[in-house]
Amino acid sequence: MQKLNTKLTPSTIAALEEMLQNTARPAPPDYLPIHFLGGYTAGQVIGHLNPDFTSYLQESLGGKPIPHIKIGHDRLTIDHARPIELSESLLNMADRMREGGLIPGWRNENFAWIDQNGHEYFRLERSAFRAFGFRSMATHINGYTKAGNLWLGRRSETKSTDPGRLDNLAAGGIGADETPWVNARRELWEEAGVPPQISDHIEPVGRIHMRRPIQGRGFHDEQLYIYDLELAENFIPTNHDGEVSGFIEIPLSEAAARILADEFTSDAAFVTADFILRNTRVD
């Protein structure tokens, strides 16, 4: 990719740089750690449970235990088991929390939990990942033009998370049977109408690890796989899946201002800030 060389003030650059230093926040001290026992991840903390959920789950598991899962006053423990068995137990636990109104936006889509060595240990309903603070994966694609503009989508008002906020050209969670590359190209078609002959040219540019508590929802822990895609000046994005209400094409300077005005989703703000800083010089 050829650097766009956008001009920004030193104060704007400093604000964006400071943002990017705070992508991965620790879990609050009152969140209950979730320990996984066995395999390569023996003893590793793989999630965090919102204290608002703890008493409900303690009562539920105390009355009717679930195989491979135990909860105490200082931790929730998941015992090592075959992935299919572990997935069944975790789905049982998630179903109970859903019945208690603690997991909204159920999607009937699975994410996979994969360790640092690439081993898959379980699959679970995607909306439950945030409730338990399990690390998920997503792709975000920056769509840009040679003129130095970015295409941004505005999330539908019907979305369960961040309705109406600005997002990247396309973005989405990586399903259990997808790779980042496959997911990025699918999301580009569904969300922005980018055909395969164009999306084949996406350029992988890095990853951003996002970690932050979500009020009343749990703990967001997600690895974002970032791609850039140059679009022709006459290309107009078109949404196909109803998740985007519209698109805007704006210069990087305006995108920076909108980030600092808190108009973006949190993830898209960091991804866009990273793109801006990679294509900027001090004015």
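Helix 7 and helix 8 meet through L252, A255, A256 and I259 on the helix 7 side and A269, T272, A273, F275 and I276 on the helix 8 side, contact being heavy atoms within 4.5 Å. Helices here are DSSP runs (H or I, at least four residues), as are strands (E, at least two), numbered from the N terminus. By class, this contact has 8 nonpolar, 1 polar and no charged residues; Ala, Val, Leu, Ile, Met, Phe, Trp, Tyr, Cys and Pro count as nonpolar, Asp, Glu, Lys and Arg as charged, and the others, Gly among them, as polar. The two helices pack at about 145 degrees with their axes 10 Å apart. Axes are lines fitted to C-alpha atoms, for helices over the stretch in contact, and angles run from 0 to 180 degrees between N-to-C directions.

The model is predicted, so local features need pLDDT of at least 70 and side-chain atom pairs count only at pLDDT 80 or more, while totals for chains, interfaces and linings use all residues. Residues are numbered from 1 along each chain as its sequence is written, and side-chain values use heavy atoms, with hydrogens and water left out.

Helix 8 (residues 266-278) also packs against helix 1 (residues 10-20), where the axes come within 10 Å and cross at roughly 130 degrees. That makes helix 1 oblique to helix 8, a label for angles that are not under 35 degrees (roughly parallel), over 145 (roughly antiparallel) or 65 to 115 (roughly perpendicular). On helix 1 the contact uses I13, L16, E17, M19 and L20, and on helix 8 A269, F270, A273, D274, I276 and L277. Here the count is 9 nonpolar, no polar and 2 charged residues.

As for open space, the largest pocket holds about 930 Å³. A pocket is an open set of points on a 1 Å grid over the protein atoms alone, reached by a 1.4 Å probe, with protein on both sides within 12 Å along at least five of seven lines; lining residues have an atom within 4 Å of a point. Grid points are joined across faces, edges and corners, and a volume is the space filled by probe spheres set on the points. Of the 45 lining residues, R107, R126, R155, T161 and G173 are the closest to the centre of the largest pocket. Its lining splits into 10 nonpolar, 15 polar and 20 charged residues.

The second largest pocket has a volume of about 210 Å³. Strand 6, strand 8 and strand 13 each give its lining at least two residues.
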